[in-house]
Amino acid sequence: QVQLVESGGGLVQAGGSLRLSCAASGTIFSINTMGWYRQAPGKQRELVATMASGGSTYYADSVKGRFTISRDNAKNTVYLQMNSLKPEDTAIYYCNHKNSNSRTTYVYWGQGTQVTVSS
């Protein structure tokens, strides 16, 4: 099992910045991916950014150039630096952790943190 604790959400004006953090604890596989998803009211949850244990990253087109994902493997923590925030970035942001082995992938979710961007 993996437990995820998120922090860093809040209210910010358009153009501002926020930094989200997510600390993982429990059984962490050497091959894993940590990342962020978000869900706005009335919309489906969507992937924002991920970073694998090997360092490869993925970003949704809507956040490329504005958001940066990073991780501290020693602390099992992933960060999302969000710059140039827009009202359409308003959502609940969920931390996601995937443990992978040769047979399967185990998926875990955080409780979510609210990000609100005012215009």
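Reader: Of the contacts in the protein with a separation of 6 or more, what percentage comes from residues 24 or more positions apart?

Author: A contact here means heavy atoms within 4.5 Å, and residues 24 or more positions apart account for 54% of the contacts with a separation of 6 or more. Please keep in mind that this is a predicted model, in which local features need pLDDT of at least 70 and side-chain atom pairs count only at pLDDT 80 or more, while totals for chains, interfaces and linings use all residues. Residues are numbered from 1 along each chain as its sequence is written, and side-chain values use heavy atoms, with hydrogens and water left out.

Reader: How many helices and strands are there in the protein?

Author: Helices (H or I, at least four residues) and strands (E, at least two) are DSSP runs, numbered from the N terminus. By that reading the protein has zero helices and 11 strands. Its C-alpha atoms fill a box of roughly 45 × 25 × 25 Å, taken along the principal axes.

Reader: Which residues have the most contacts inside the largest nonpolar core?

Author: The general idea is that, in soluble globular proteins, nonpolar side chains tend to be buried together. A nonpolar core is a set of buried Ala, Val, Leu, Ile, Met, Phe, Trp, Tyr and Cys residues joined through side-chain atoms within 4.5 Å, where buried means under 20% relative accessible area, exposed over 50%, and partly exposed in between (1.4 Å probe, protein chains only). In this structure the largest such core has 28 residues, and those with the most contacts inside it are Trp 36, Leu 80, Met 82 and Tyr 93. Among the elements that give two or more residues to this core are strand E1 (2–7), strand E4 (32–39) and strand E9 (91–100), whereas the largest share, four residues, comes from E3. Leaving aside neighbours within four places in sequence, Tyr 93 is in contact with residues including Trp 36, Leu 80 and Met 82. Of the 119 residues of the protein, 41% count as buried.

Reader: Which cysteines does a disulfide join?

Author: A disulfide is a covalent bond between the sulfur atoms of two cysteines, and the rule applied here asks for a pair of cysteine sulfur atoms within 2.5 Å. The count comes to one disulfide, which joins Cys 22 to Cys 95 with an S to S distance of 2.0 Å. Cys 22 lies in strand E3 and Cys 95 in strand E9, so the pair ties together parts that are 73 residues apart in sequence. Both Cys 22 and Cys 95 are buried. The torsion about their S-S bond is about -85°, so the disulfide of Cys 22 and Cys 95 is left-handed.

Reader: How many aromatic pairs are counted?

Author: A pair of aromatic rings is described by the distance of the centres and the angle of the planes. Rings of Phe, Tyr and Trp (its six-membered ring) pair if their centres lie within 6.5 Å, and planes under 30 degrees apart count as stacked, over 60 as edge-to-face and the rest as tilted. The count comes to two aromatic pairs. The rings of Phe 29 and Tyr 106 have their centres 5.9 Å apart and their planes at 75°, so this pair is edge-to-face. At 25% relative accessibility, Phe 29 counts as partly exposed. The rings of Tyr 37 and Trp 109 have their centres 5.0 Å apart and their planes at 70°, so this pair is edge-to-face.
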